[in-house]
Amino acid sequence: MNREALLARLGERPLVCDGAMGTMLYSKGILLNRCYDELNLSNPALIRSVHREYADVGVDLIETNTYGANRVKLSSHGFSDFVKSINEKGARLAREEATGDTLVAGAIGPLGKPIAPLGTISEEEALSHFQEQAEGLLNGGVDLFLLETFVDLRQIRQAFEAVRSLDASRPVIAQMTFGDDGNTPLGASPEQIARELTKMGADVVGANCSLGPQMMLGIIERFSKTTTTPLSVQPNAGLPEYVGDRVIYLCSPEYMAHYAKRFLEFGVAAIGGCCGTNPAHIGAIVGVVRALSPSRAPIDIVVPSEPRPE
């Protein structure tokens, strides 16, 4: 897919992206100390099953299980020599479960360590790490790239330059993460992020993770007043709570559906979920998008008139 084709599709109706991969794997008994990205090689059937569950609720876009599949993060698990194979396999697994015109997005997250002077990784090294990951994803056949959960504009810029250096025509969705003060962890405002991601040349700009839908709505509103570039949003299912030794997210599918409608009112072009979301949450979002879209038959859903606070 080229950039013009993605923009044309976004003009038809909003894309529904899938939800969390890690949450699903955790729910299936995979411990948090495992390298989730490496499961592309050691347990491909499990990864395919998660992709299939999201495909079955009608998503338009499936993300590869490669969020942390860069050399820096993989080295902490002893898999630094498998960067390209993990990414290529991740793309192929997603492709196998992408039915019809479902898109496959190559997921790229931050390196896990800051760029100098905050850390010891140079911008040149960061660029090289992201290029290595992106090459594997391209070999696996992704339609576009999704840069997500970045906190540092400099690092997401290196990721963007990496994918564009390998394929200038492949679309890129660029998303940053925000705290409950409305800024990124490094202090950048939504307006600054929207301007910089637009200036960088991302085809879609947005926010994901960290916040539940209620708080994320304010971020997207501020984005919408700053840029005319298509917007994306993938909020968490609220804030996590610990119940015993389990991490629980409390937002219901109906609650996510309520806010999906609110996001669409701000013209969001791509919407999905992040940590804590599962196929039930995403299926509820699919119902909202289809109900509001003239190109698809509506699905009856129930949304709460007074959603409970996060």
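User: Buried here means under 20% relative accessible area, exposed over 50% and partly exposed in between, with a 1.4 Å probe and protein chains only. With that settled, which residues point one way from S3, and which the other way?

Analyst: Leu 103, Ala 105 and Ala 107 point one way from S3, while Val 104, Gly 106 and Ile 108 point the other way, and all are buried. In a regular strand the side chains alternate between the two faces of the sheet. Six of the six residues of S3 are buried, so the strand is largely enclosed by the rest of the structure.

User: And what sort of model is this?

Analyst: This is a predicted model, in which local features need pLDDT of at least 70 and side-chain atom pairs count only at pLDDT 80 or more, whereas totals for chains, interfaces and linings use all residues. Residues are numbered from 1 along each chain as its sequence is written, and side-chain values use heavy atoms, with hydrogens and water left out.

User: How are the helices and strands numbered?

Analyst: They are DSSP runs numbered from the N terminus: helices are H or I runs of at least four residues, and strands are E runs of at least two.

User: What is the strand order in the open sheet?

Analyst: The open sheet has eight strands in the order S1-S10-S7-S6-S5-S4-S3-S2, with parallel pairing. Its edge strands are S1 (15-16) and S2 (61-63), each of which pairs on one side only. Two strands pair if DSSP finds at least two bridges between them.

User: How many bridges join S2 to S3, and how many join S3 to S4?

Analyst: Three bridges join S2 to S3, and four join S3 to S4.

User: Turning to backbone geometry, which peptide bond is cis?

Analyst: The bond from Ala 116 to Pro 117 is cis, with omega near 10°. Pro 117 is found in the loop between S3 and H7. A further backbone point concerns Thr 149, which has a positive phi of about 65° although it is not a glycine. Thr 149 lies in strand S4 and is buried, at a relative accessible area of 13%.

User: On to H8: what span should its 14 residues have?

Analyst: They should span 20 Å at 1.5 Å a residue, and the end C-alpha atoms of H8 (residues 153-166) are 20 Å apart, which agrees. The expected span is 1.5 Å times one less than the number of residues. At the start of the helix, a side-chain oxygen of Asp 152 comes within 2.9 Å of the backbone nitrogen of Arg 154.

User: What covers the buried residues of H8?

Analyst: The cover includes helices H1 (3-12), H7 (123-140) and H9 (190-200), together with strands S3 (103-108), S4 (144-150) and S5 (172-176). Among the buried residues of H8 are Leu 153, Ile 156, Phe 160 and Val 163.

User: Is Arg 13 buried or exposed?

Analyst: Arg 13 counts as buried, at 10% relative accessibility. Its place is in the loop between H1 and S1, and its side chain makes a polar contact with the side chain of Asp 60 (2.7 Å). A polar contact is a pair of N or O atoms within 3.5 Å; within protein, one must be able to donate a hydrogen and the other to accept it, and residues adjacent in sequence count only if both atoms are side-chain atoms.

User: What is Arg 9 in contact with?

Analyst: Leaving aside neighbours within four places in sequence, Arg 9 is in contact with Leu 15, Asp 60, Asp 101 and Leu 103. Contact means heavy atoms within 4.5 Å. Arg 9 is found in helix H1 and is buried, with a relative accessible area of 13%.

User: Where does Thr 277 lie?

Analyst: Thr 277 lies in the loop between S10 and helix H12 (279-292), and is buried with a relative accessible area of 0%. Its side chain reaches the backbone nitrogen of Ala 20 at 3.1 Å.
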